[in-house]
Amino acid sequence: MNNSKNEIEKEYIYRINLALKFIDKPELSNILRVIFASINGITMSIIIKKKVMLQKWDDRYKEKGFAYGKEPNVFFKKWLSKFKPGTLLMPADGEGRNGVFAAQIGWKVTSFDQSIEAQSKALQLAKECKVSLEYLVDDLEHLEFKNETFDAIGLIYAHFSGDKKSMFHQKLDSYLKPGGIVVFEAFSKKHLHYNTINPKVGGPKKIDVLFSKEEIIKDFKNYEITFLEEEEVLLNEGKYHIGKGSVIRFVGRKKVSYT
Ligand SMILES: C[S@@+](CC[C@H](N)C(=O)[O-])C[C@H]1O[C@@H](n2cnc3c(N)ncnc32)[C@H](O)[C@@H]1O
């Protein structure tokens with residue numbers, strides 16, 4: 001981590017000095033130096049935070065076994081099975097337990113995750129289960145798909161940073177066909193209580209990364225709501241989701257014509 005931090009810092013300093021060479025007024029040059037240094041500091045801390053998070057996921061998925069098990073999430077399995085298979089996007093699919101299940105029941109699956117270790121495990125699981133799925137490695141921030149491509153999107157514990165999660169939902173919505181469905185399960189804001197008393201149940205420790213029903217209604221306002229509840233659940237998913245927790249469960253259909 002320190003090595004990559006130093007390399008990023010060196011690159012910034014080199015670029016700033018290069019830019020300042022072309023300014024021959026020392027006062028202006030000094031003011032710009034201070035501005036650049038502040039921007040540099042903010043950008044650096046964002047980049048480092050992202051790298052630390054990615055390292056956390058890579059380390060988790062490098063462990064032996066499957067972090068959240070090989071079985072699909074119970075709610076996802078129940079609801080996805082009710083719809084006619086088509087094309088399915090699985091953001092933040094981790095080790096692929098949900099994407100692989102979907103492929104087994106006939107969906108044409110495109111999964112992605114920022115972690116290359118996640119991809120490796122997911123492809124291993126797909127091979128074991130004798131199904132294929134497309135699995136991309138990237139941050140959702142940098143991924144692009146054609147508008148209105150997918151018949152369904154599965155968001156299962158796809159916890160994104162608090163300042164991006166709503167924007168990410170809008171981005172994902174643009175890839176869903178009108179009439180397409182979203183199946184969603186993730187920890188609710190009440191979950192902070194549960195993972196404080198039982199760390200084995202896992203889940204984010206920051207309130208803005210967790211969800212509320214109100215946020216879902218706001219993010220998916222062009223959807224007919226088939227199911228939306230905040231529920232207490234007893235999780236038994238691999239070794240990182242064990243025990244009582246609180247989740248938001250949502251199934252919605254994107255309206256065909258917006259009003
Ligand atoms: C709790 S895990 C859930 C994995 C999987 N959905 C499951 O339920 O087994 C959260 C996943 O989100 C991924 N993730 C978080 N932010 C992401 C982003 N901006 N772009 C892509 N993947 C992201 C992480 O790498 C991690 O694999």
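In which loop is A92 found? A92 is found in the loop that runs between β1 (87–90) and α4. In this predicted model, A92 is also among the residues closest to the ligand. The protein as a whole has eight helices and seven strands, and its C-alpha atoms fill a box of roughly 70 × 50 × 40 Å along the principal axes. Of the 259 residues in the protein, 44% are buried.

**Ligand site**

- The ligand is surrounded by 18 residues, and the closest of them are Y61, A92, R97, D113 and I156.
- By class, this shell around the ligand comprises nine nonpolar, four polar and five charged residues.
- Two helices, α2 (26–62) and α4 (97–104), each supply at least two residues of the shell.
- The side chain of R97 places an N or O atom 2.7 Å from an oxygen atom of the ligand.
- For Q114, the distance between an N or O atom of the side chain and an oxygen atom of the ligand is 3.0 Å.
- The backbone also takes part: a polar backbone atom of I156 lies 2.7 Å from a nitrogen atom of the ligand.
- On its own, the ligand has 600 Å² of accessible area, of which the protein covers 94%.

**Second largest pocket**

- The second largest pocket holds about 180 Å³ of space.
- Its lining consists of 16 residues, and those that lie nearest the centre of the pocket are P72, N73, V74, N236 and E237.
- Strand β6 (residues 223–237) contributes five residues, the largest share of the lining of this pocket.
- Six nonpolar, four polar and six charged residues make up the lining of the second largest pocket.

**Residues with positive phi**

- Most residues other than glycine have a negative phi.
- A92, a residue other than glycine, has a positive phi near 50 degrees.
- The position of Y157 is in the loop between β4 (150–156) and α6 (165–175).
- Y157 counts as buried because its relative accessible area is 12%, and the buried class covers values under 20%.

**Individual positions and separations**

- I207 is placed in the loop between α7 (191–197) and α8 (213–219).
- With a relative accessible area of 44%, I207 is partly exposed.
- I207 and G99 are 108 residues apart along the chain, and their C-alpha atoms are separated by 27 Å.
- Q124 belongs to helix α5 (residues 116–128).
- Q124 is partly exposed, at 38% relative accessibility.

Key: Residues numbered from 1 in each chain as written. Predicted model: local features only at pLDDT ≥ 70, side-chain atom pairs only at ≥ 80, totals over all residues. Heavy atoms only, no water. Near = heavy atom within 4 Å. Polar contact = N/O pair within 3.5 Å; in protein donor to acceptor, adjacent residues only side chain to side chain. Areas by Shrake-Rupley, 256 points an atom, 1.4 Å probe, with all protein chains shown as cover. Helix = DSSP H or I, 4+ residues; strand = E, 2+ residues; numbered from the N terminus. Nonpolar A, V, L, I, M, F, W, Y, C, P; charged D, E, K, R; others polar. 1 Å grid on protein atoms, 1.4 Å probe; cavity = no way out; pocket = protein on both sides within 12 Å on 5 of 7 lines; lining within 4 Å. Points joined across faces, edges and corners; volume = space filled by probe spheres on them. Buried < 20%, exposed > 50% of the residue type's maximum accessible area, 1.4 Å probe, protein only.
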